Amino acid sequence: MENAIKNYEDVDSWKTIMFLYNSALKEVGTKLEILNDEFQHVHKYNPIEHIKTRVKTPESIVKKLRKNGYEISIENMVRYVNDIAGVRLICSFTSDIYRLGEMIGNQSDLKVLSIKDYIRNPKVSGYKSYHMLVSVPIFLSDSVVDTKVEIQIRTIAMDFWASLEHKIYYKFEGNAPEYISRELRECAEMVSSLDEKMLSLNEAILDCLREQEELRLSTKRKDVSHLNRVAMSGLS
């Protein structure tokens, strides 16, 4: 992407970069919707509950560059801020998260640049989510520009906790009292327990439905076999 902005003035460069990031969100969003529709068609199940997209505001980009010690420039923005374009996938169960991650990774025209698994390795705060940094080609009239998009995949419960944690820490500007942080970590443990319980319950329901279907098919086969025997005895 850096090559795409070298021939523009600053204002035009900014507009061009924002155009590319918005285009990348459209590309990735469409792919995810198709994957979800295909899964519904094949398995009669939607792994994605919601899809949220956003492009970082200029203020957020500048704040992140300053926080990480970089000079404020469009080049540094493109090079060092990886989550300017972001997609958040909300799933019902933790098993859906890894299934979706695998499906996304198998897309031939998406390049996975990095993966951060905060589910198996939560942050100190208790934050859990599965982050994928991907690169998607944007086909322009005279060039192809690879553009970065961060994909976050989490359950409904994880998203609930993360949203409230962000609001709470925003009020304290990142310096919340220790007892607040401790309470949030305890809430994160409750969220994890809830996710585990709901996944276990869902698997138990699926097992029960499979057993019912097997019993139905077995009963149907016995009925057909009985009818065949009756029919054969009538012919003899």
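User: To start, which residue forms a salt bridge with Asp-159?
Analyst: Asp-159 forms a salt bridge with Lys-52, and their closest N and O atoms are 3.1 Å apart. A salt bridge here is a side-chain nitrogen of Lys or Arg within 4 Å of a carboxyl oxygen of Asp or Glu. Asp-159 lies in helix α5 and Lys-52 in strand β1 (residues 48–55), so the pair ties together parts that are 107 residues apart in sequence. Helices (H or I, at least four residues) and strands (E, at least two) are DSSP runs, numbered from the N terminus.

User: Before we go on, what kind of model is this?
Analyst: This is a predicted model, in which local features need pLDDT of at least 70 and side-chain atom pairs count only at pLDDT 80 or more, while totals for chains, interfaces and linings use all residues. Residues are numbered from 1 along each chain as its sequence is written, and side-chain values use heavy atoms, with hydrogens and water left out.

User: Back to Asp-159. Is it buried or exposed?
Analyst: Asp-159 counts as buried, because its relative accessibility is 8%. Buried means under 20% relative accessible area, exposed means over 50%, and partly exposed is in between (1.4 Å probe, protein chains only).

User: What else is Asp-159 in contact with?
Analyst: Leaving aside neighbours within four places in sequence, Asp-159 is in contact with Lys-52, Arg-88, Ile-90 and Arg-154. Contact means heavy atoms within 4.5 Å. The side chains of Asp-159 and Lys-52 also make a polar contact at 3.1 Å. A polar contact is a pair of N or O atoms within 3.5 Å; within protein, one must be able to donate a hydrogen and the other to accept it, and residues adjacent in sequence count only if both atoms are side-chain atoms.

User: How many salt bridges are there in the whole structure?
Analyst: A search of the whole structure finds eleven salt bridges. One of them joins Arg-54 and Asp-83, whose closest N and O atoms are 3.9 Å apart. That pair links distant parts of the chain, as Arg-54 is in strand β1 and Asp-83 is in the loop between α3 (74–80) and β2 (85–91), 29 residues apart. Arg-54 is partly exposed at 33% relative accessible area, whereas Asp-83 counts as buried at 10% relative accessibility.

User: And where do Arg-99 and Asp-96 lie?
Analyst: Both lie in helix α4 (residues 94–105), three residues apart, about one turn of the helix. Asp-96 is buried, with a relative accessible area of 1%, while Arg-99 is partly exposed at 33%.

User: Now the surface. Which residues make the nonpolar patch?
Analyst: Leu-194, Met-198, Leu-201, Ile-205, Leu-206 and Leu-209 make a nonpolar surface patch of about 510 Å². Patches are made of residues with over 30% relative accessible area and no salt bridge, with like charges joined within 9 Å and nonpolar side chains (Val, Leu, Ile, Met, Phe, Trp, Tyr) within 5 Å. Accessible areas come from the Shrake-Rupley method with a 1.4 Å probe; for residues, only the protein chains shown count as cover. Leu-209 lies in helix α6 (residues 178–235) and counts as partly exposed at 46% relative accessibility.

User: Finally, how many helices and strands does the protein have?
Analyst: The protein has six helices and five strands. Along the sequence they follow the pattern α-β-α-α-β-α-β-β-β-α-α. Of the 236 residues, 37% count as buried. The protein exposes about 15200 Å², and carbon and sulfur atoms supply 53% of that area.
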